[in-house]
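Hello,

Here is the structure I promised to pass on to you. Please have it open while you read, and my notes on what turned up follow below.

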Amino acid sequence: MFRTLLMLCVCMVLTACSGTPSDTLVEESVAQQKTISNMIRVVSVEKLNGWKDQEFYVADVRYELEFLTDYKTFSESLQDETPDNLVGSFFNGFGLLSLSMQYGKFEKGQKVTERAEFRFRDTENGWQLAE
């Protein structure tokens, strides 16, 4: 009984000190970074590989995005902006341009699979996605 308890404690300590961010943290970080409210949501995330690179941990990730609206509807919603929100619509226009350059004239429900590397830094508050 004592041996089993001791082994369990050792396993827990070693797991806590593994030196890498958890798969769950990687998935949540990718979803948070790639989600655009009312525009794009992350459908799935898969960590393919990971390695230490100087002060960072690099996670090689494949993820699938889904468009929640289409290009035409989003661009029309920008035209409906009021003058007091002109700055916001100016930046949204650049966002739309960037999205259309990357994905073309996207359609609602369209899914896109991408692969990218995400860098994490080990901080006093645990692993955090590096900006």
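**What I found**

Ser100 counts as buried, because its relative accessibility is 17% and the cut-off for buried is under 20%. Before going further, please keep in mind that this is a predicted model. Ser100 sits in helix α4, which covers residues 86–103. The side chain of Ser100 has a polar atom 2.9 Å from the backbone oxygen of Leu97.

Next, the sheet. Four strands make up an open sheet, in the order β1-β2-β3-β4, with antiparallel pairing. The strands at the edges are β1 and β4, each of which pairs on one side only. On average, neighbouring strands in this sheet are turned by 30 degrees against each other, direction ignored.

Strand β3 spans residues 111–123 and strand β4 residues 126–129, and the two pair in the antiparallel sense over 4 bridges. A hairpin with 2 residues joins β3 to β4. Which residues stand opposite each other here? Arg121 faces Gln128 in β4, and Asp122 stands opposite Trp127 in β4.

A helix also goes with this sheet. Helix α2, residues 23–34, lies across β1, β2, β3 and β4. Helix α2 runs at about 130 degrees to β1.

Lys52 belongs to strand β1, residues 40–53. Is Lys52 buried or exposed? Its relative accessible area is 54%, so Lys52 is exposed. Leaving aside residues up to four places away in sequence, Lys52 touches Gly19, Tyr57 and Trp127. With Gly19 there is a polar approach as well: the backbone oxygen of Gly19 lies 3.3 Å from a polar atom of the Lys52 side chain. Thr20 and Lys52 are 32 residues apart in sequence, and their C-alpha atoms are 8.4 Å apart in space.

Now to the aromatic residues. The structure holds 5 aromatic pairs. One of them is formed by Phe67 and Tyr103: the ring centres are 5.2 Å apart and the planes stand at 75 degrees, so the pair is edge-to-face. Since Phe67 lies in strand β2 (residues 56–67) and Tyr103 in helix α4, this pair ties together parts that are 36 residues apart in sequence. Both Phe67 and Tyr103 are buried.

Tyr71 and Phe106 form another edge-to-face aromatic pair, with 5.8 Å from centre to centre and 80 degrees between the planes. What does the pair of Tyr71 and Phe106 tie together? Tyr71 lies in helix α3 (residues 71–79) and Phe106 in the loop between α4 and β3, so the pair connects parts that are 35 residues apart in sequence. Phe106 has a relative accessibility of 1%, so Phe106 counts as buried. Ring pairs bring Phe67, Tyr71, Tyr103 and Phe106 into a cluster.

Best wishes

Note on methods. Residues numbered from 1 in each chain as written. Predicted model: local features only at pLDDT ≥ 70, side-chain atom pairs only at ≥ 80, totals over all residues. Heavy atoms only, no water. Buried < 20%, exposed > 50% of the residue type's maximum accessible area, 1.4 Å probe, protein only. Polar contact = N/O pair within 3.5 Å; in protein donor to acceptor, adjacent residues only side chain to side chain. Pairing = 2+ DSSP bridges. Contact = heavy atoms within 4.5 Å. Phe/Tyr/Trp six-rings, centres within 6.5 Å; stacked < 30°, edge-to-face > 60°. Axes fitted to C-alpha atoms, helices over the stretch in contact; angles between N-to-C directions.
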